[in-house]
Amino acid sequence: MTTALALTGCAGGAGGADPTDVDPEGEIEPREISWLLSRPADGGVITAMEQIADEYAAEHAGFSLNLITTPDRPSYIQKYETLAAANKLPELFDTDATPFAQKLASQDRMIDVDALLDDLGLAGEYRDAALGYQRFDDGSLYMVPFEFQLEFFWYNTALFEKAGVSVPATLDDFPQLCRDLRAQGITPIALDGQDQWPLERYMAYYPFRMAGPEYVQDLKNGDASFADPAGVAAAEWLSELGKAGCFQEGFSSTGYADAQGLFTSGKAAVYNIGTWELGNLATEALDPGVRDDVDYFTLPTLDGAVTTDDEYVTPSGIGMAVNAQTYDPLVRDFLKFALERYPEIYAATGALSPTTTAQTTIPADATPLYSRAVEQADTVGPKIAMPWDTQLDPATNTRLQQELTLLVQGDITPEEFVTTMDTTLRENIDG
């Protein structure tokens with residue numbers, strides 16, 4: 001596997017391809033194909049695909065898969081959009097279901113994945129939620145999922161008992177929960193504020209319960225505003241979380257590992273993170289001092305919520321798009337081989353497969369929470385609380401993350417937050 005990308009010869013001219021021509025005629029002629037990725041180089045997806053590519057190459061002399069990895073998301077987006085503008089995207093490339101990606105699809109530059117999976121006989125094997133996360137707002141599908149995750153609020157039952165508190169029934173219960181925990185000298189919620197996206201999750205919660213997933217869809221298209229009731233309510237709720245001291249002091253400079261450490265060492269009562277951390281939170285890798293006190297709850301509801309309790313953040317990660325300009329019998333054949341082999345190999349690592357056909361291997365040192373979390377994947381509802389950083393344009397998203405920190409710190413009011421974000425949103429949509 002190599003990691004360099006030659007910018008020439010990676011794609012044909014824009015336009016002219018048929019995104020529904022998923023079974024092109026011709027001979028399978030092995031060559032190198034490339035995949036532009038935004039995933040950890042040592043993560044389960046890449047490890048599994050490396051194994052699969054080696055297996056395929058053993059049967060097809062001359063084939064190789066060139067993995068072009070850029071795990072840092074902002075750097076990746078810049079590279080991806082630059083290559084797209086130059087019409088030099090490789091055969092495979094990672095993308096979220098963003099307005100930019102939808103523009104590429106509208107230009108017939110991405111293969112229709114609904115048609116592809118149907119042609120390969122795999123359409124019925126994928127979890128509805130895994131495919132739903134990858135779909136554009138109009139329901140079309142142009143990305144293949146390689147993961148499936150559930151995001152929970154992990155909590156320390158012993159710290160809850162010490163403070164005399166219970167799992168919040170609604171989002172509105174969070175501020176008082178935090179005050180009660182603070183009164184006992186307990187940090188309520190551990191937050192990775194340095195990476196900013198974890199705080200942005202909190203911005204998504206209130207609107208999802210209050211107005212459903214349509215709110216952020218309308219927001220990014222300019223058909224809704226932060227001044228709408230759902231946006232104002234979210235800003236006021238986040239301000240209240242800040243006033244109640246919900247997050248640790250200095251949260252904005254706390255990184256991922258340190259935030260997790262606050263929870264796993266028993267210093268913080270709640271930690272909002274996904275099942276990609278099962279290995280650290282639901283196995284014997286967890287500190288014995290807190291291991292028996294860890295449990296989780298899903299996203300609380302609201303009075304009058306338009307989404308159900310079983311609907312929350314259930315992402316299937318960044319998807320893989322297939323370049324329509326370079327799609328040929330080899331790419332199709334490799335994808336058929338890879339997508340048939342992948343679920344079993346990936347699930348064997350203890351991860352949740354995006355399909356229902358592969359049973360997750362529960363590690364020998366797993367706690368009961370591990371199996372419970374895996375089983376819960378089969379009971380999620382159809383509506384997904386989409387992470388806003390995958391929905392908004394990069395400029396608006398960057399400003400949102402900055403303003404959220406100021407809002408929670410009390411440096412700006414909810415009214416100022418709303419005004420600033422609506423101005424930013426209009427500027428970037430108009431631009």
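Colleague: How many cavities of 30 Å³ or more does the count come to?

Modeller: Rolling a probe the size of a water molecule over the atoms shows where empty space is left. A cavity is a set of points, on a 1 Å grid over the protein atoms alone, where a 1.4 Å probe fits but cannot get out. Points are joined across faces, edges and corners, and a volume is the space filled by probe spheres set on them. Here the count is four cavities of 30 Å³ or more. This is a predicted model: local features need pLDDT of at least 70, side-chain atom pairs count only at pLDDT 80 or more, and totals for chains, interfaces and linings use all residues. Residues are numbered from 1 along each chain as its sequence is written, and side-chain values use heavy atoms, with hydrogens and water left out.

Colleague: What volume has the largest cavity, and which residues line it?

Modeller: Its volume is about 90 Å³. Lining residues have an atom within 4 Å of a point. Among them are Glu151, Asp192, Trp197, Arg201, Tyr205 and Tyr271. Two elements give two or more residues to this lining: helix H8 (197-211) and strand S6 (268-274). H8 gives the most, with five residues. Helices (H or I, at least four residues) and strands (E, at least two) are DSSP runs, numbered from the N terminus.

Colleague: Which classes of residue does that lining have?

Modeller: Ala, Val, Leu, Ile, Met, Phe, Trp, Tyr, Cys and Pro count as nonpolar, Asp, Glu, Lys and Arg as charged, and the others, Gly among them, as polar. The largest cavity has eight nonpolar, one polar and three charged residues in its lining.

Colleague: What about the second largest cavity?

Modeller: The second largest cavity has a volume of about 60 Å³. Its lining includes Ala204, Phe208, Tyr215, Ile384 and Trp388. H8 and helix H9 (214-220) are the elements that give two or more residues to it. H8 has the largest share, three residues. By class, this lining has ten nonpolar, one polar and no charged residues.

Colleague: Where does the second largest pocket lie?

Modeller: A pocket is an open set of points with protein on both sides within 12 Å along at least five of seven lines. The second largest pocket lies between domain 1 (32-149 + 316-360) and domain 2 (151-313 + 382-429), because both give residues to its lining. The domain bounds come from an automatic or database domain assignment. The pocket holds about 240 Å³ of space. It has 15 lining residues, and Gly132, Arg135, Phe136, Pro213 and Gln217 lie nearest its centre. H9 gives the most to the lining, with three residues. By class, there are six nonpolar, four polar and five charged residues.

Colleague: How many residues has the largest nonpolar core?

Modeller: In soluble globular proteins, nonpolar side chains tend to be buried together. A nonpolar core is a set of buried Ala, Val, Leu, Ile, Met, Phe, Trp, Tyr and Cys residues joined through side-chain atoms within 4.5 Å. Buried means under 20% relative accessible area (1.4 Å probe, protein chains only), exposed over 50%, partly exposed in between. The largest core has 82 residues; Trp154, Tyr202, Phe226, Leu238, Trp388 and Phe417 have the most contacts inside it. This core draws at least three residues from each of domain 1 and domain 2.
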